[in-house]
Amino acid sequence: MKKLFYLPIALMLTAMPLVSCSDDDDDNNQTEDVYKDRSYGQNAIDACANVVSALEDANQIIANAKLTQDQENYLRQVLTSVVNNVIVPTYTDLANDVEDLEKTLNGLTVNSITQAQIDKACTDFKLARQHWERSEAFLMGAASDFSIDPTIDSWPLDRTELLDYFKGGMKAQIEDESTILGFHALEFILFRNGQNRRVAELQGNDTYTNFTGVSGADELKYAQQVCKLLKERCFQLQVAWEGEKNENASRVAVVKAAGLSYTTENGLSFGENLINAGISGSKTTFPTLAAAIAQVLSDDEGSCVAIANEVGTAKIANPFSAGDIAYVESPYSYNSITDFQDNIRSIRNVWMGSLDGRKGDKCFASFFESVNTPVTVLENVNDAIDKIGRMPSPFVKYCSVIWNKNFDDPDNWDSTTEE
């Protein structure tokens with residue numbers, strides 16, 4: 001049965017309160033019994049599934065509706081708001097933070113390194129990581145088309161490959177989609193057991209299992225190389241969605257110098273491509289407005305549904321439900337639970353058209369309110385953030401206790417699941 005929209009659009013600006021929940025994936029003196037309780041993980045998985053269902057319902061309502069011209073115009077303004085108020089600012093913040101991280105890392109040498117410098121690099125990393133995780137609801141477009149996601153965020157980190165790389169004198173050619181590049185390679189070098197690396201270790205040799213022959217000097221050199229590639233790819237994301245502008249000219253130059261593409265197949269920025277969906281003669285790759293909305297909300301890849309499903313059925317379930325302990329994301333910084341929550345926050349940002357959890361000028365939330373068609377996206381998103389935050393932390397310890405496996409054991413270094 002088709003649901004028809006019948007009320008005129010009315011702008012709704014009611015502020016939504018933010019949900020308070022734990023952002024720290026650390027051991028808050030939780031008892032060992034808590035780590036044996038499977039209900040927390042299952043509740044988080046179920047909550048993510050509810051987000052998927054709510055988003056699919058919302059998209060289906062739009063797809064089945066006989067929209068008026070005013071309603072179509074409003075939804076196009078919603079897409080414009082998603083681009084200008086969520087996607088471009090998020091990628092800009094990400095690029096800024098990775099640029100800061102590169103500047104910090106480039107100042108590190110074993111002869112002069114200080115703990116303060118390492119701590120600054122770790123802070124820069126976590127800021128960049130936050131903005132990347134809050135971008136995963138909109139991996140469609142540049143991140144997918146140019147294989148940016150697998151280049152900068154592949155995991156599990158292949159510790160065997162990384163060890164072989166160091167043993168080989170760092171001479172091997174590393175493919176763009178190698179799992180020893182990107183955020184998780186940097187994480188391994190900057191963090192251990194949820195703590196910033198200590199200066200004494202980086203001035204000597206590593207202490208991690210089987211890595212005791214690897215010098216801190218080589219690790220720092222590798223981190224600097226990895227971060228340069230990470231910066232280029234993050235600049236690519238910003239430029240691809242924002243287009244060429246005077247204020248980002250220096251970043252456009254970096255992207256061009258790296259030989260990276262940054263437009264759609266028809267020469268549009270990815271922001272223009274989404275905003276102009278369905279407009280005849282615009283060169284957009286979206287044949288209709290509905291197709292663009294479906295890509296944002298509920299397509300199998302690169303959408304809000306895709307990341308909600310991935311968090312529940314892969315990021316949490318693979319190590320928690322299936323015992324694939326190597327699949328734990330962000331295990332060295334103990335940032336897993338924060339990452340998962342930020343993934344769900346990325347959905348909230350798209351739905352609300354803002355970066356702070358409150359309703360933006362034009363957003364999906366206001367649209368459904370204005371046409372008097374209740375949906376439960378926001379409620380389920382906030383519930384998922386809360387349920388994920390209730391899992392025992394660190395997540396790597398939770399999964400290790402549930403399955404009686406040691407994450408650091410080389411026998412558990414290879415994941416059975418591939419991204």
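Me: How many residues of helix α13 (residues 289-297) are buried?

Reply: This model is predicted. Helix α13 is mostly covered, with 7 of its 9 residues buried.

Me: Which residues of α13 are buried?

Reply: The buried residues are Leu289, Ala292, Ile293, Ala294, Gln295, Val296 and Leu297.

Me: What covers the buried residues of α13?

Reply: Several helices do. The cover includes α2 (39-64), α3 (69-105), α12 (270-275), α14, α15 (336-352) and α16 (364-370).

Me: Take α14 next. How do I read its packing with α18?

Reply: Start with the general idea. Two packed helices are described by the angle between their axes and the distance between the axes. Here, α14 (residues 304-320) and α18 (residues 395-403) pack at about 40 degrees. Their axes are 9 Å apart. That angle makes α14 oblique to α18.

Me: Which residues make the contact?

Reply: From α14 come Lys315, Ile316, Pro319 and Phe320. From α18 come Phe395, Tyr398, Cys399, Ile402 and Trp403. Sorted by class, the contact of α14 with α18 has 8 nonpolar residues, no polar ones and 1 charged one.

Me: Which residues of α18 are buried?

Reply: Phe395, Val396, Tyr398, Cys399, Ser400 and Ile402 are buried in α18.

Me: What do the buried residues of α18 pack against?

Reply: They pack against α1 (32-35), α2, α14 and α15.

Me: What follows α18, and is its phi positive or negative?

Reply: Asn404 follows α18. The phi of Asn404 is positive, near 55 degrees.

Notes
Residues numbered from 1 in each chain as written. Predicted model: local features only at pLDDT ≥ 70, side-chain atom pairs only at ≥ 80, totals over all residues. Heavy atoms only, no water. Axes fitted to C-alpha atoms, helices over the stretch in contact; angles between N-to-C directions. Helix = DSSP H or I, 4+ residues; strand = E, 2+ residues; numbered from the N terminus. Parallel < 35°, antiparallel > 145°, perpendicular 65-115°, else oblique. Contact = heavy atoms within 4.5 Å. Nonpolar A, V, L, I, M, F, W, Y, C, P; charged D, E, K, R; others polar. Buried < 20%, exposed > 50% of the residue type's maximum accessible area, 1.4 Å probe, protein only.
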